[in-house]
Amino acid sequence: MLRDSGPCIRVVCKLRSGDSDVEALFRALEAGEWKLAGPKLSKGEFEAEILSSSLEGDEVIFSLRSANPEVLEDFSRAAIRECWYIEVHYHLRAEAAEKAAENLGIKLGEKRVFRIKEFGVQLKVESFPAARALTISYRVGWGELNRNVMKKIHEKLINTKSPKSLLDRIMGWMK
């Protein structure tokens with residue numbers, strides 16, 4: 001049985017056309033209080049790593065080392081200043097993949113590509129049942145960031161919301 005090692009999250013920043021200035025992206029991240037040290041970025045206890053950039057220099061790929069939706073959103077808000085758009089890629093295995101599939105209303109039983117609209121964003125979900133894995137990707141810009149779409153999708157996929165207490169449910173019912 002595969003051990004669940006948590007989500008692998010990659011963030012791809014597509015730099016603006018003609019502005020393939022990776023240094024401007026790093027300055028934007030530093031302005032967002034992310035500290036750059038070689039291929040690693042950090043903010044408090046959270047880390048990201050620069051994985052690669054495209055040959056044209058118009059895309060930079062980062063790997064986030066946190067399943068915290070606030071970290072994903074904070075990182076993306078800092079990066080979007082220099083990005084045309086951001087693509088988020090989740091690679092989930094074992095129990096995490098099964099929970100995400102259930103939350104999205106799909107079955108992990110067959111190798112297939114699903115297109116699912118969530119919170120106004122098109123998700124591309126690839127199912128790999130033999131490996132008990134899912135790859136989920138979507139694209140966001142300023143508008144989606146301002147509507148907190150990343151956080152909502154993250155919580156749906158990773159199920160990081162804390163369950164409501166009985167008192168919270170009763171109070172919500174009474175309103």
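I looked up Ser-127 and found it in strand 8, residues 121-128. Strands here are DSSP runs of E with at least two residues, and helices are runs of H or I with at least four, both numbered from the N terminus.

I note that this is a predicted model, in which local features need pLDDT of at least 70, side-chain atom pairs count only at pLDDT 80 or more, and totals for chains, interfaces and linings use all residues. Residues are numbered from 1 along each chain as its sequence is written, and side-chain values use heavy atoms, with hydrogens and water left out.

I checked the burial of Ser-127: its relative accessible area is 1%, which counts as buried (under 20%, 1.4 Å probe, protein chains only). Its side chain reaches the backbone oxygen of Glu-110 at 3.0 Å. I then listed contacts (heavy atoms within 4.5 Å). Leaving aside residues up to four places away in sequence, Ser-127 touches Lys-107, Leu-108, Glu-110, Lys-111, Arg-112, Phe-114, Ala-133 and Leu-134.

Beyond four places in sequence, Phe-62 touches residues including Ile-9, Val-11, Leu-25, Leu-29, Leu-51 and Phe-75.

For the whole protein chain, I recorded six helices and nine strands. Of its 175 residues, 41% are buried. Among contacts with a separation of 6 or more, 61% join residues 24 or more positions apart.

Technical notes:
Buried means under 20% relative accessible area, exposed over 50%, partly exposed in between (1.4 Å probe, protein chains only). A polar contact is a pair of N or O atoms within 3.5 Å; within protein, one must be able to donate a hydrogen and the other to accept it, and residues adjacent in sequence count only if both atoms are side-chain atoms.
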